[in-house]
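Subject: Handing over the two-chain structure

Dear colleague,

I am passing this structure on to you, and below it I have set out what was found. Please read the notes with the structure open beside them.

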Amino acid sequence: MGKTAGVRTVATGAGFAGDRIEPAVALAASGYVDAVILECLAERTIVPGLRALRDNPEAGADPRLKRRLSPLLPVARKNNCRVITNLGAANAAAAGRAIAKLAGDLGCSGMRVAAVVGDDVLALKDRIEWEEPITGNFLGARAYLGIAALAEAIEGGADVVVTGRAADSSLFVADLVPHLESGIDVLAGAIAAGHVLECSAQVTGGIYEPPGGGGLDAMSYAHLGYPLARVAADGSAEISILEDAPGLVDRMTCTLQLLYEVHDPSKYITPDAVLDFTGITFEEVGKNRVRMSGATAGPPPRKLKVSGFVEYEGAIADLEIAYAGNGAYERAQIGADILRERLKDWDEKDIQIDLVGVNSVLGSASPPTNAYPAEVRVHVSARCADMDAAQIVEDEIYGLTIAGPAVGCGVRSERRPRLDVISGFVPRELVKTHVEWSEAP
Amino acid sequence: MKVRVGDIASGRAGDKGPILDLTLVAKDKESYKLLERGVTADVAQKAINQVAPGPVVRYEVPGLNALKFVAPEALPGGIYATLHAGLHWQKTSVWILLDLEIGAD
């Protein structure tokens, strides 16, 4: 494989905030990837950034930025591979400055960094159509930017493009646009390819079990190759992985990822177009190589999606206690019944008590256990209006270690903040973006 | 003859806000026909409602041998409001469909 005229190759170096570091480096080092995309911003992962930004105007970027980019930037520069990322999280402008400085420290003098700023729509709070009323402590509101916002950075020849909230697929498509023929269905093909790539390992065999069972072995998962797409000027694409990387790219993995989280497959809404995936076909053209074509689309929506971040008082207390040995299952059931009695004043909708290893994940949809469990954990989660209430639940679990069946142990205890992400829509012309350029010294 | 869905299809679960979004992809056209008949929106809703509330809408993508099941009220308050152990239980909820047995007795 090598660079092919008329084909632009984009690849996924990361698909979530905590994703592996080395796939991006391997893709950039291959020499034929034109742009590597690091998609590191889930709905929730912007929240710590929003909190940090309130206390410090230079804070709010992804805390892994330095660790993730240090091994990548020199390799990307050497191989003329653009880096596009949402590592800006809650503060793309500060991230742009930090990346330029980091590039300088790494010997990449002159590297040009474009920060695409403007996803923060908190000031438009009252003009956003929220799907639910906003209550609780409002932490911020961010609009999903599309390719229009990223275009200036791409056309200006940025080596690194960093932003905050943007549609995941737009991070891929922005790089492709100058290489595409015109036409909405051409764009649709590129968006569909970006969508297939945006969750990294999920299209290369990660979390995939073929019909009837099986899957990759542990060593393949441990060193899984991440995906790349060779996108032709007509918007068709070939999805694959590096030739020496373990993984699986086939019709099944591509279909599962194409349809992932799209709801109605004939009306998948992105800032750049409303897509119809129902005419897409996948053709296996070689080992771990799948050709994709047939996406169509209608014009972009007139409003951009917004996420509003809300925090409520109190916490969710989530605890477990273990029972082991012969009789563990029965003792765990007694432990759970004790908690139900001790916490019976709790509103039913605010508390859940079940058994880890039996029914804590799928509840009453769990299949029956077909072997006697060697150990069982009693789990309780409770929605607590304040920290005193959380303490009460925690004390009751610990109470089982002396006033319950013989004998509970291995208590795990967690308090999670009570967050919610409220969707809204804002007229796109109200969202003003701009690019802040910086250069590595 | 009864067949387990997971023996003829793969699945994946996703979410957005309160919406649970499940996908089944059949291994071939014949299996897709079985799924299309056996995993109706009603069948899926009954199974999903054992652990998550609300209606289920089905979308068919015959060209890709795939069905989608979208449950817009299944995750009240979003995934961070869950009272299941840990976060992200919904990622494995597609097993509710994969473990269904479909077809005539």
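Before the first details, one term is needed: two strands are taken to pair if DSSP finds at least two bridges between them. Please also keep in mind throughout that this is a predicted model.

In strand 5 of chain B, Lys68(B) is the bridge partner of Thr23(B).

The contact between the chains takes 38 residues from chain A and 38 residues from chain B. On the side of chain A that touches chain B, the elements that give two or more residues are helix 10, strand 15 (303-324), strand 16 (351-356), strand 17 (375-384) and strand 18 (409-427) of chain A. Strand 18 of chain A provides the largest share of that side, with 4 residues. Sorted by class, the side of chain A that touches chain B comprises 17 nonpolar, 13 polar and 8 charged residues.

As for the layout of chain A, the domain assignment gives domain 1 (7-122 + 142-302 + 429-439) and domain 2 (308-423), and the C-alpha centres of these two domains of chain A lie 38 Å apart.

Which residues have the most contacts inside the largest nonpolar core? They are Val36(A), Val116(A), Ala192(A) and Leu97(B), in a core of 156 residues. Helix 8 (residues 184-197) of chain A gives the most to this core, with 9 residues, and the core draws at least three residues from each of domain 1 and domain 2 of chain A. A second, separate core has 23 residues, including Ala315(A), Ile316(A), Leu400(A) and Leu83(B).

Leaving aside residues up to four places away in sequence, Ala192(A) touches Leu258(A), Leu275(A), Phe277(A), Ile280(A), Met292(A) and Ala295(A). Leu275(A) has a bridge partner in strand 14 of chain A, namely Ala297(A), and strand 11 (residues 274-276) pairs with strand 14 of chain A in the antiparallel sense over 3 bridges. Helix 8 of chain A lies across strand 11 and strand 14 of chain A, at about 115° to strand 14. An open, antiparallel sheet of 3 strands has the order 10-11-14 (chain A). Because strand 10 (268-269) and strand 14 (296-298) of chain A stand at its edges with a single partner strand each, one side of each is left without a neighbour in the sheet.

Finally, in helix 1 (residues 22-29) of chain A, the residues Pro23(A), Ala24(A), Ala26(A), Leu27(A) and Ala28(A) are buried. The buried residues of this helix pack against strand 1 (7-14), strand 2 (35-38), helix 4 (73-78) and strand 8 (228-232) of chain A. Helix 1 of chain A is followed by Gly31(A), whose phi is positive, near 95°.

With kind regards

Note on methods. Residues are numbered from 1 along each chain as its sequence is written. Chains are lettered from A and ligands numbered from 1 in the order in which they are written. This is a predicted model: local features need pLDDT of at least 70, side-chain atom pairs count only at pLDDT 80 or more; totals for chains, interfaces and linings use all residues. Domain bounds come from an automatic or database domain assignment. Two residues are in contact if their C-beta atoms, placed from the backbone, lie within 7 Å. Ala, Val, Leu, Ile, Met, Phe, Trp, Tyr, Cys and Pro count as nonpolar, Asp, Glu, Lys and Arg as charged, and the others, Gly among them, as polar. A residue is buried if 20 or more other C-beta atoms lie within 10 Å of its own, exposed if 12 or fewer, and partly exposed in between; C-beta atoms are placed from the backbone. A nonpolar core is a set of buried Ala, Val, Leu, Ile, Met, Phe, Trp, Tyr and Cys residues joined through C-beta atoms within 7 Å. Axes are lines fitted to C-alpha atoms, for helices over the stretch in contact, and angles run from 0 to 180 degrees between N-to-C directions.
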